[in-house]
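Dear colleague,

Please find the structure below. My notes on it follow, and I would be grateful if you read them beside the coordinates.

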Protein chains: 2
Amino acid sequence: MITEKKPLILITNDDGVEAQGINCLIDSVRTLGEIVVMAPDGPRSGMSGSFTFTKPITCQLIKKETDLTVYSCSGTPVDCVKLAFHQILDRKPDILLSGINHGINSAVCVFYSATVGAMLEGTIIGIPSVAVSLCNNEAVADFSQAVIYARTVAETVLQEGLPKGVGLNLNIPDTPQVKGMKVCSQTSTKWIREIERHTDPQGNTEYWLTGEIHDNEPHNRQTDMWAFRNGYASLVPLKIDMTDYEFMKKIKNWEL
Amino acid sequence: MITEKKPLILITNDDGVEAQGINCLIDSVRTLGEIVVMAPDGPRSGMSGSFTFTKPITCQLIKKETDLTVYSCSGTPVDCVKLAFHQILDRKPDILLSGINHGINSAVCVFYSATVGAMLEGTIIGIPSVAVSLCNNEAVADFSQAVIYARTVAETVLQEGLPKGVGLNLNIPDTPQVKGMKVCSQTSTKWIREIERHTDPQGNTEYWLTGEIHDNEPHNRQTDMWAFRNGYASLVPLKIDMTDYEFMKKIKNWEL
């Protein structure tokens, strides 16, 4: 008799293992397979694809139930994916889910977000990987719509797979009734009012990074920012090969 | 009488303002324009596109000469670019140079490298941006070949510009006589032997990230890894729009 193994689902995030978002995600995909969570022991937002190499990292088993094993890790989200894949798991995961992030990660946020960083790491390793984010930065938020879309995408990826070198970036708007999901492109954006200059109590100048994102193409209905502004979840396929092949041809004519 | 302003050159790195690489880079482009350096006050390698938002950042003027102003900054390389652009400079730089990094940043290293992270930040802002790395991790290295290629690319970019949303990733092999420069694609790679498991003196398990890069396409003569293995400097144009437009069409047929 052949017993087929359940799909192995690796889960991580950047808000830490205790965050509401990751726990809602775990619950939502619990019945889809065997789940292993390797998530940071605290917040790691804005850490992009950072990894730790100047000191060792550690991990701790914090929960072991049927088909659910949870570890917390001292490292970054990228460290979590590397550690789980190379040291903890006995087989390659069928899918990596990163999130659900407390806060949106659309447009150029893919370059800052450690939720997306972990997803890209999974993609580099060769695991079909999905980053999931809700457009709400609060520690307690309504993930009821987000988990529906996260589970749908997870089920579809488990069934269809993903091409080599491509991961998915799913963002869900913070509305009680999401209108549906749109397959989108990464919006061209910039940041405005990005830095505030303050004076500390000793009279020294200090700077706080803040600001807001500015949509360079607000009328392009194909973008992820258009989607969430209009109440849709957005799903953007991201390539890890960032080469601009068109421009490559042009600069071959440069005298270098 | 019209006095034309000299090109404004913003320089940063991830090895810190005292590193040999950034100082060789400064010297090599010194005659090309007015230079402003905003670089971290210490090493920030492997920090990718990280930025600081949970605490303020500060900067300090450490050198002021004719056409050369140097600041050190408490933040990440991405913070350095944001701070210089939004608070320190009185005009938009004509070029951003990031490096010269002590260590190679080809292939998927673009996702971990803060040298490349700073270059991508410049590209997001809209500054023609170039990351420069030498394939030598030592604190003291021979940058004599690297500076020639860095200056050539800087001069060309100052003359030709770069398209919106595209930055350049230049890597120079560590050989006494580089054979020339090749325009390349980002090599498809993975990491092998990536994590070492150790036991600390108290008997606890700890993990060190290490390993080596494995070339998935060693016979592709177009890649940056082929170039440096064969003694050439590699120049890869990187797009900040990571959308996989081909795959986008396909997943529109998914039942989501």
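A crossover is right-handed if, with the strands pointing away from the viewer, the path from the first strand over the helix to the second runs clockwise. Helices (H or I, at least four residues) and strands (E, at least two) are DSSP runs, numbered from the N terminus. This is a predicted model, in which local features need pLDDT of at least 70 and side-chain atom pairs count only at pLDDT 80 or more, while totals for chains, interfaces and linings use all residues. Residues are numbered from 1 along each chain as its sequence is written, and chains are lettered from A and ligands numbered from 1 in the order in which they are written.

In chain A, a right-handed β-α-β unit is made by strand 5, helix 3 (residues 114–125) and strand 6. Strand 5 (residues 95–102) of chain A is mostly covered, with eight of its eight residues buried (20 or more other C-beta atoms within 10 Å of the residue's own, C-beta atoms being placed from the backbone).

Strands pair if DSSP finds at least two bridges between them. Strand 5 of chain A runs parallel to strand 6 (residues 129–134) of chain A, joined by five bridges; here A:His102 has A:Leu134 as its bridge partner. Strand 5 of chain A also pairs in the parallel sense with strand 1 (residues 8–12) of chain A, over four bridges, and A:Leu97 stands opposite A:Ile11.

As for the interface, 62 residues of chain A are in contact (C-beta atoms, placed from the backbone, within 7 Å) with 62 residues of chain B. Helix 2 of chain A gives the largest share of the chain A side, five residues.

Yours sincerely

Notes
A residue is buried if 20 or more other C-beta atoms lie within 10 Å of its own, exposed if 12 or fewer, and partly exposed in between; C-beta atoms are placed from the backbone. Two residues are in contact if their C-beta atoms, placed from the backbone, lie within 7 Å.
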